[in-house]
Protein chains: 2
Amino acid sequence: MRQRVITAVVALVLFIPIIVYGGIAIELTAAVLAVVGVYELFRMKGLEVLSFEGVVASLAAVVLILPKERWFFFLPEKTDNFMLFYLMVMILLGALVASKNTYSISQAGFPVIVSLYVGVGFQNFVAARSSGLVVLLYALFVVWATDIGAYMVGRKYGKRKLFPAVSPNKTIEGSIGGIVSAVVVAVLYIAFVPGKEAFTYDMPIMIVLTIIFSIVGQFGDLVESSIKRYYDVKDSGKILPGHGGILDRFDSLLFVFPIMHLLGLF
Amino acid sequence: MRQRVITAVVALVLFIPIIVYGGIAIELTAAVLAVVGVYELFRMKGLEVLSFEGVVASLAAVVLILPKERWFFFLPEKTDNFMLFYLMVMILLGALVASKNTYSISQAGFPVIVSLYVGVGFQNFVAARSSGLVVLLYALFVVWATDIGAYMVGRKYGKRKLFPAVSPNKTIEGSIGGIVSAVVVAVLYIAFVPGKEAFTYDMPIMIVLTIIFSIVGQFGDLVESSIKRYYDVKDSGKILPGHGGILDRFDSLLFVFPIMHLLGLF
């Protein structure tokens, strides 16, 4: 527990200035975290990240994350990051030819879904910051309030299992606690934060959306647990002492942020 | 051969008015062709398209193709087709949880790469038409001139095998014939077509690009051949008597059109 708290404090001390500064700092941070995420997923499956597939998947995630205006300004006006990502997919499809039929489109699907899962998640982390610190903090508070609320309520009142096949320690009571906690934090934050006109919707809609985001965040956690359970590992990595890997820490965020973008929050 | 010619004539008679009309006609046609393409790839791998994975992959391809302004106008302003596509990816990731760890992220990669391969290809077919008939026809002429030139030169002068492990009938002579044929057709077309100011670049650059597109088109053909060879099928389908399936007919286009978009042609 002590190690866990120390890691969290150190991470926050590093993380807060990056979030506040935004711009190039958050873009590079997101890109590095994404590459570590790709590495963790490759290692779970027993693949080397320093392989053709690993390098292409890392690049595919990175080109989704780094905004065109700053990083790919040399591209023609009509094209965008998605086409750069798709170039990586085409390179993987090209490997089918180069491998002389030993590599299949089905195998090439793994680096593609990995780079999307991690890349689009962190892409939207960057997009939330570009949209303003007010919106990014709302998003982070919803994710964190869900996690902490679920943990505390679950520990105290947890009885009925939520999804034991995937995550045996989670309870229905904890899950509801996470939702309530997210709504309370979101309402207080939106009511009192200066610059709340940055939000697309009014308070009643924001409450409904917060409930959705809290559920999606918990679902993102279950998705990552499913992946770990399938590959029979406890943590996605060891980079954060007491917290596991990057995916363990960002699993909710990877699911919530794209849904927030889809629903027009940023 | 007679059946082949009849099919080609019938297809062109159906195809030309759709291309000329553009808009909703070409969007729906592209969406239908994409779903058939997804079906063909699923069948090659021995999977049902009328399965959870097949339906999600078909939808994922379709939401890439249908332009937001006409089909998804109800989406918030800040979001786009790519996020709808990614919603389908998230649904496939969600299946990991629902399956209670029997379905892996690696398996979920197949529907994702299939929907990208077919979806982004036809997305750019529609994008080329939106950019104007002049550009779309250039793109089609390059693909067709490559095919016909490679076939005719290869038949007459073909000696050295190009890539026998993947496609035993292709020759280096044929491949070069395809490139020369594409350049000749492109130069004549660009020089004489009314409205050539639709092209982003001047003639010398267009010649270099045409060579690249012709090579990419032939490569796209090899990619599809690799997929078929891996799954040990002769044709991707039987929808076009004498021509095989949709993928057999559109394999070059699926590779060339995205590269054209990436290089700023439309």
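Just after H1 of chain A, Gly22(A) has a positive phi of about 70 degrees. This is a predicted model. H1 itself covers residues 2-21 of chain A, 20 residues in total. From first C-alpha to last, H1 reaches 29 Å. That is close to the 28 Å expected at 1.5 Å a residue.

Which residues of H1(A) are buried? They are Thr7(A), Phe15(A) and Ile19(A). Several helices of chain A contribute to their cover. Among them are H2 (23-44), H6, H7 (133-157) and H10 (246-262).

## Helix H9 and its end

H9 of chain A spans residues 203-231 and has 29 residues. Its first and last C-alpha atoms lie 42 Å apart. The span expected at 1.5 Å a residue is also 42 Å, and the helix comes close to it. After H9(A) comes Asp232(A). The phi of Asp232(A) is positive, near 60 degrees.

## The loop between H5 and H6

Most residues other than glycine have a negative phi. The loop between H5 and H6 holds exceptions. In chain A, Asn101(A) sits between helix H5 (81-98) and helix H6 (105-130). Its phi is near 70 degrees, a positive value in a residue other than glycine. Is Asn101(A) buried or exposed? Asn101(A) counts as buried, because its relative accessible area is 16% and the cut-off for buried is under 20%.

In chain B, Lys100(B) lies in the loop between helix H5 (81-98) and helix H6 (105-130). Lys100(B) is not a glycine, yet its phi is positive, about 55 degrees.

## Fold and dimensions of chain A

Chain A has 10 helices and two strands. How do the elements run from the N terminus on? The order is α-α-α-α-α-α-α-β-β-α-α-α.

The C-alpha atoms fill a box of roughly 60 × 45 × 35 Å along the principal axes. Chain A has 266 residues and a radius of gyration of 19 Å. A compact globule with 266 residues would have a value near 18 Å, so chain A agrees with that expectation.

## Burial, contacts and surface

How much of chain A is buried? Buried residues make up 56% of its 266 residues. Now take the contacts in chain A with a separation of 6 or more. Residues 24 or more positions apart account for 69% of them. The accessible surface of chain A comes to about 11800 Å². Carbon and sulfur atoms hold 69% of that surface.

## A strand residue: Ser167(A)

Ser167(A) belongs to strand E2 (residues 167-171) of chain A. Its relative accessibility is 9%, so Ser167(A) counts as buried. Which residues does Ser167(A) contact, leaving aside its neighbours within four places in sequence? They are Leu222(A) and Ser225(A). Glu224(A) is 57 residues from Ser167(A) in sequence. In space, their C-alpha atoms are 9.9 Å apart.

## A loop residue: Gly242(B)

Gly242(B) lies between helix H9 (203-231) and helix H10 (246-262) of chain B, in the loop. Its relative accessible area is 40%, so Gly242(B) is partly exposed.

Leaving aside neighbours within four places in sequence, Gly242(B) is in contact with Gln3(B) and Arg4(B). Leu12(B) is 230 residues away along the chain. The C-alpha atoms of Gly242(B) and Leu12(B) are separated by 15 Å.

## How the two chains are related

Two copies of a chain are related by a rotation about an axis and a shift along it. Here the rotation is 180 degrees and the shift is 0.0 Å.

The same surface serves both copies. Of the contact residues of chain B, 100% recur in chain A. Which residue of chain B comes closest to the rotation axis? It is Gly109(B), with its C-alpha at 2.0 Å.

Terms used
Residues numbered from 1 in each chain as written. Chains lettered and ligands numbered in written order. Predicted model: local features only at pLDDT ≥ 70, side-chain atom pairs only at ≥ 80, totals over all residues. Heavy atoms only, no water. Helix = DSSP H or I, 4+ residues; strand = E, 2+ residues; numbered from the N terminus. Expected span 1.5 Å × (residues − 1). Least-squares fit on C-alpha atoms with pLDDT ≥ 70 in both. Contact = heavy atoms within 4.5 Å. Rg over C-alpha atoms; globule rule 2.2 N^0.38 Å. Buried < 20%, exposed > 50% of the residue type's maximum accessible area, 1.4 Å probe, protein only. Areas by Shrake-Rupley, 256 points an atom, 1.4 Å probe, with all protein chains shown as cover.
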